[in-house]
Amino acid sequence: MNLKPAEELQKYSKESRILYVEDDLHLLEATKSFLGNFFKDIDTANNGKEALVLYENDKYDIVISDINMPSMNGIELCRIIKEQCPEQQILITSAHEESGYLFELINMGVDKFVSKPFEMKFFIASLLKLCKNSWQKRELRNYHNNLEKMVEIKTEEIKQSNEKVDTKMNFYSNKPDIQQWKMSLAILRTNGDNHLME
């Protein structure tokens with residue numbers, strides 16, 4: 001069954017956390033409201049410095065950032081984030097006159113670019129791709145965690161089983177073997193016969 005991109009985004013975005021950075025307060029609020037249709041956790045900042053404080057104290061699946069902002073621009077923010085976490089997914093929102101920065105941002109490893117004003121279909125498609133990546137990483141982490149737990153459980157079961165075997169082996173190794181019993185019995189019988197003959 002083929003879902004529409006917006007419906008598919010709702011499916012994959014449930015657990016994703018967003019940091020959205022924009023200095024235009026009207027656009028910030030409007031975009032945050034739109035993102036609220038898909039994401040439960042959205043943190044916002046008005047510039048790169050505010051965003052960096054949030055980023056260093058939390059974890060985000062996707063960072064969405066404007067380029068030209070006061071205090072710290074989006075380019076510097078992306079540079080610092082990528083130095084701290086090369087795998088961090090970043091989507092840059094840029095006006096047409098900012099296109100000269102794109103090559104620099106591509107070299108930094110920025111994942112997606114969306115022009116302002118947003119073309120919603122393209123914006124949704126870009127978010128969907130990033131959310132799918134985050135979902136796959138979470139699934140892989142969960143698989144590895146479950147696998148590690150299963151290995152730990154099996155290792156403990158084997159350890160306990162080996163301990164039981166060792167206990168039984170110790171029990172039997174401390175008992176005289178059958179040949180010793182036979183020899184002891186023969187000695188007793190012989191001594192008994194000799195006693196009778198006296």
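Modeller: Before we look at single residues, take the accessibility classes: a residue is buried at under 20% relative accessible area, exposed at over 50%, and partly exposed in between, with a 1.4 Å probe and protein chains only. This is a predicted model, in which local features need pLDDT of at least 70 and side-chain atom pairs count only at pLDDT 80 or more, while totals for chains, interfaces and linings use all residues. Residues are numbered from 1 along each chain as its sequence is written, and side-chain values use heavy atoms, with hydrogens and water left out.

Colleague: Which residues of helix 2 are buried?

Modeller: Start with the general idea: an α-helix has 3.6 residues a turn, so residues three or four places apart point the same way. Helices (H or I, at least four residues) and strands (E, at least two) are DSSP runs numbered from the N terminus, and in helix 2, residues 25-35, the buried ones are Leu 28, Thr 31, Phe 34 and Leu 35. Because these four cover an arc of only 130° around the axis, taken from the directions to the C-beta atoms, they sit on the same side of helix 2. Leu 25, His 26 and Ser 33 are exposed on the other side.

Colleague: What does the side chain of Asp 24 reach at the start of helix 2?

Modeller: One of the side-chain oxygens of Asp 24 comes to within 3.1 Å of the backbone nitrogen of His 26.

Colleague: How many salt bridges does a search of the whole structure find?

Modeller: A salt bridge is a side-chain nitrogen of Lys or Arg within 4 Å of a carboxyl oxygen of Asp or Glu, and the search of the whole structure finds eleven. Among them is Arg 17 with Asp 41, whose closest N and O atoms are 3.7 Å apart. Arg 17 belongs to strand 1 (residues 17-21) and Asp 41 to strand 2 (residues 41-45), so the pair ties together parts 24 residues apart in sequence. Asp 41 is partly exposed, at 39% relative accessible area.

Colleague: Where does Asp 58 lie, relative to Arg 17?

Modeller: Arg 17 also forms a salt bridge with Asp 58, the closest N and O atoms being 3.0 Å apart. Asp 58 lies in the loop between helix 3 (48-56) and strand 3 (62-66), so this pair joins strand 1 to a part 41 residues away in sequence. Asp 58 counts as partly exposed, at 35% relative accessibility.

Colleague: Are Glu 22 and Lys 116 buried or exposed?

Modeller: Glu 22 forms a salt bridge with Lys 116, with the closest N and O atoms 3.2 Å apart. Glu 22 is in the loop between strand 1 and helix 2, and Lys 116 in the loop between strand 5 (112-115) and helix 6, 94 residues apart. Glu 22 and Lys 116 are both buried. Elsewhere, salt bridges with shared partners join Arg 17, Asp 41, Asp 43 and Asp 58 into one network.

Note on methods
Polar contact = N/O pair within 3.5 Å; in protein donor to acceptor, adjacent residues only side chain to side chain.
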